[in-house]
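Let's walk through this model together, one question at a time. Each answer works its way to the value or name asked for.

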Amino acid sequence: MMQLKKGKLLLVSFMLFSLFFGAGNLIFPPFLGQNAGEQMPLALLGFLITAVVLPVMGVVVVAKYNGLDRLGGKVSPKFAMVFTVLIYVSIGPGLGIPRAASVPFEMAIAPYLPEGASFSMFMLLYSLVFFLIAGWLALTPNKLVDRIGKVLTPSLLTLLTLLFVSFLFAGETKVAPPQPAYQSGALVTGFLEGYNTMDAIAALNFGLVIATTLRTLQVKEKKDVMRYTIRAGVIAGTILSLIYGMLSFMGMQSSAVYELQDNGAWTLRCIVHQIFGEPGAVLLAVIFTLACLTTCVGLITSISQYFATLLPKVSYRKLALGITAFSFLVCNQGLNTILSISVPVLNAVYPVAIVLIVMGLAGKYLEGNTLVFPLTAAAVAVVSVVYALEQLKVPLGVVSDMFHLLPFYSYGMGWVTVAVAAVLVSLLVQKWMQAVKNRTEEPSV
């Protein structure tokens, strides 16, 4: 049994934490705390399910199947190809990476630009430097564990801890009643807010990165890779939970101090300005940039590794540089444009990712059932796509009326009932087919 030194395991865990902790992870917890007010603990519990538990499970299940494409192959080869490419494009250059670069600029730098300064020019310069650094780091994936685990993550955690401790001693606090969405459904609303971190989808990328990293540390056996992947996931998940708790707590405690903000970045900015004054802008900019940089590097690396296997004639280096350049172009379209696309995409893709993760972990209990993966994934995909189209105000007429009959559909959770029903139907059909097969094989008397 291969023994990985505790120091190395901690570095891998730090790396996994940093891969997850990006733009959404910073802005959504304080926003949740501000909106939930007194209901923050219950809302945070729901948030942690989709923003911590499911991502850690995703990392483990992808490591178990040696890649998202193999996990998707349990549904069908064509589904595996389409879904994997969709995941990598949406979480990568089409959405996730540009968002991670836009957020730190628009939320932590743009408000402090000189009056009359060209927003687009400063955005262009900032994103150029940002992506030059991200691309350079991604070109040497074998060095990620040292660069991220030893330098970037400790720096980020130190700054976040400094902010939280300063808030405890100097922050102005007053808790407000919860907003309407959190008054009667805090747990469900928090659960849905966890979608916005995109981490359960990102986990389907990062699982392979962690497994590959462990192998470079001479962890070769599959059982050892799985064992240390689980340990790294638990440590990273614990750190994530603590940080989310800190950010949500600050949002809750200041919920009646500041007016309800448009997003969590504004909430953080108000808190930092109240504690540190104008110099706090530098602290906030560094926190946002560090958090988003590590996530971008992880995404560029994982996506380039996947497409290098899909397109063997194109080198990893060319893919990494190409993804970086394309992300730079999309980034400069503006944060509002990116965010307007992200919510419908997440509503369509996230539930399918969740059921794949859960069924992948329950694989040994579903062995021999050839229907459960394709039937469940297809059923959930239909519900999710219809809900996403409704969010885009696409008129669906009687189709919408039918789907609104599903329990919890109006909360965006109608897919849960459909998933459970699909699993039960597949098990019953499989049992019936086995009974028919047994009867036909019985020898005649």
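Before we start, one definition: a crossing is left-handed if the near helix is turned anticlockwise from the far one by less than a right angle, and right-handed if clockwise. Keep in mind that this is a predicted model.

Q: Is the crossing of H6 and H7 left-handed or right-handed?
A: Helix H6 covers residues 96-108 and helix H7 covers residues 119-138, and their axes lie 10 Å apart. The way H6 passes H7 is right-handed.

Q: How do the residues in the contact of H6 with H7 divide by class?
A: On the H6 side the contact is made by Ile97, Ala100, Ala101, Ser102, Pro104, Phe105 and Glu106, and on the H7 side by Phe119, Phe122, Met123, Tyr126, Phe130 and Phe131. The division is one charged, one polar and 11 nonpolar.

Q: At what angle do H1 and H12 pack?
A: Helix H1 spans residues 6-20, and its axis is 8 Å from that of H12. The crossing of this pair is right-handed. H1 and H12 are oblique to each other, and the angle is about 55 degrees.

Q: How many residues of the contact of H1 with H12 are nonpolar?
A: From H1 come Leu9, Leu10, Val12, Ser13, Phe14, Leu16, Phe17 and Phe20. They meet H12 residues including Tyr228, Arg231, Gly233 and Ile243. Two residues of the contact are polar and one is charged, while the nonpolar ones number 14.

Q: How many disulfides does the structure hold?
A: A disulfide needs a pair of cysteine sulfur atoms within 2.5 Å. For Cys296, the nearest cysteine sulfur is that of Cys292, 6.7 Å away. For Cys331, the nearest is that of Cys296, 8.3 Å away. The number of disulfides in the structure is zero.

Q: Is Cys331 buried or exposed?
A: Residues under 20% relative accessible area count as buried. Cys331 has a relative accessible area of 0%, so Cys331 is buried.

Q: What is the C-alpha separation of Ala63 and Gly207?
A: Ala63 sits in helix H3 (residues 40-65) and is buried, at 1% relative accessibility. Beyond its sequence neighbours up to four places away, Ala63 touches Gly207, Ala211, Lys222, Met226 and Thr229. Ala63 and Gly207 are 144 residues apart along the chain, yet their C-alpha atoms are separated by 5.2 Å.

Q: Which helix holds Ile357?
A: Ile357 is buried, with 0% relative accessibility. Leaving aside neighbours within four places in sequence, Ile357 is in contact with Leu54, Met57, Gly58, Val61, Ala200 and Leu204. The helix that holds Ile357 runs over residues 335-361 and is H16.

Q: What is the relative accessibility of Ser302?
A: Ser302 is part of helix H14 (residues 280-310). Setting aside residues up to four places away in sequence, Ser302 touches Tyr88, Asn205, Phe206 and Val209. Ser302 counts as buried, and its relative accessibility is 3%.

Q: Is Ala256 buried, exposed or partly exposed?
A: Ala256 lies in the loop between helix H12 (222-253) and H13. Apart from neighbours within four places in sequence, Ala256 is in contact with Lys174, Val175 and Ala176. With a relative accessible area of 32%, Ala256 is partly exposed.

Notes. Residues numbered from 1 in each chain as written. Predicted model: local features only at pLDDT ≥ 70, side-chain atom pairs only at ≥ 80, totals over all residues. Heavy atoms only, no water. Axes fitted to C-alpha atoms, helices over the stretch in contact; angles between N-to-C directions. Helix = DSSP H or I, 4+ residues; strand = E, 2+ residues; numbered from the N terminus. Contact = heavy atoms within 4.5 Å. Nonpolar A, V, L, I, M, F, W, Y, C, P; charged D, E, K, R; others polar. Buried < 20%, exposed > 50% of the residue type's maximum accessible area, 1.4 Å probe, protein only. Parallel < 35°, antiparallel > 145°, perpendicular 65-115°, else oblique.
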